[in-house]
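Biologist: Please take one part of this model and look at it closely. I would like the aromatic side chains and what surrounds them.

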Amino acid sequence: MKKYFILTISIFILASILHVQTLFAEREDEANKYYLDAYNLYKLGNLDQALDMLKKVVETNPDHAEAHFGMGSIYFRQNMFDDAVKEFVKVTRLKPEYVEAYQRLWLAYKKLGMNDKAEEELAKYKKLIEERMQAMVGG
């Protein structure tokens with residue numbers, strides 16, 4: 001009887017782990033579907049619809065760095081530089097190696113007249129570019 005109990009518990013634990021993994025995979029798949037839709041809307045020039053779709057992405061997966069980058073890019077194009085900065089900062093926290101986010105932060109801070117912050121982000125951008133180039137040439 002004890003063997004069956006241990007076997008049943010083991011199967012239950014394994015099934016639970018697999019179910020959790022499936023839930024995370026489904027969440028990620030759903031977020032990526034929304035992201036692809038948002039990307040296509042953005043390319044067609046439908047910025048408001050793309051932004052709405054990107055918001056669905058981050059509701060589904062708050063750590064989707066590309067969605068935050070897309071939102072920041074749209075806010076930047078709409079001259080909403082404070083909102084753009086917030087999104088690009090989220091990108092750099094989620095993916096510190098996301099070079100383009102530092103470049104966009106530099107531009108957004110320049111637009112806001114925050115030149116000191118802009119220069120900080122430009123320095124980070126240049127450092128990451130330099131590191132990337134050194135890695136490419138094996139240095």
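Modeller: First, a term: a residue is buried when its relative accessible area is under 20%, and exposed when that value is over 50%. Note too that this is a predicted model.

Now the rings. Searching the whole structure gives three aromatic pairs. One of them joins F69 and Y98, and it is stacked. Their centres lie 5.0 Å apart, with 25 degrees between the planes. This pair connects distant parts of the chain. F69 sits in helix α3 (residues 65-77). Y98 sits in the loop between α4 and α5 (99-111). The two are 29 residues apart. Both F69 and Y98 are buried.

F76 and F81 form an aromatic pair of the edge-to-face kind, because their planes stand at 70 degrees and the cut-off is over 60. The centres of these two rings are 5.1 Å apart. F81 has a relative accessible area of 13%, so F81 is buried.

There is also a cluster. Ring pairs join F69, F88 and Y98.

Next, the neighbourhood in sequence. E87 belongs to helix α4 (residues 81-94). E87 is a buried residue because its relative accessibility is 7%. Leaving aside residues up to four places away in sequence, E87 touches H68, M71, G72 and Y75.

Between α3 and α4 there is a loop, and N79 lies in that loop. Its phi is near 60 degrees, a positive value in a residue that is not glycine. Is N79 buried or exposed? N79 is exposed, because its relative accessibility is 57%.

Helix α2 (residues 47-60) has 14 residues, so at 1.5 Å a residue it should span 20 Å. The end C-alpha atoms of α2 are 20 Å apart, which agrees.

Helix α6 (residues 115-137) holds V137. With 70% relative accessibility, V137 counts as exposed. Together with M133 and M136, V137 makes a nonpolar surface patch of about 360 Å².

To return to the rings: F69 and Y98 are stacked, whereas F76 and F81 are edge-to-face.

How values were computed
Residues are numbered from 1 along each chain as its sequence is written. This is a predicted model: local features need pLDDT of at least 70, side-chain atom pairs count only at pLDDT 80 or more; totals for chains, interfaces and linings use all residues. Side-chain values use heavy atoms; hydrogens and water are left out. Helices (H or I, at least four residues) and strands (E, at least two) are DSSP runs, numbered from the N terminus. Buried means under 20% relative accessible area, exposed over 50%, partly exposed in between (1.4 Å probe, protein chains only). Contact means heavy atoms within 4.5 Å. Rings of Phe, Tyr and Trp (its six-membered ring) pair if their centres lie within 6.5 Å; planes under 30 degrees apart count as stacked, over 60 as edge-to-face and the rest as tilted. The expected span of a helix is 1.5 Å times one less than its number of residues. Patches are made of residues with over 30% relative accessible area and no salt bridge: like charges are joined within 9 Å, nonpolar side chains (Val, Leu, Ile, Met, Phe, Trp, Tyr) within 5 Å. Accessible areas come from the Shrake-Rupley method with a 1.4 Å probe; for residues, only the protein chains shown count as cover. A salt bridge is a side-chain nitrogen of Lys or Arg within 4 Å of a carboxyl oxygen of Asp or Glu.
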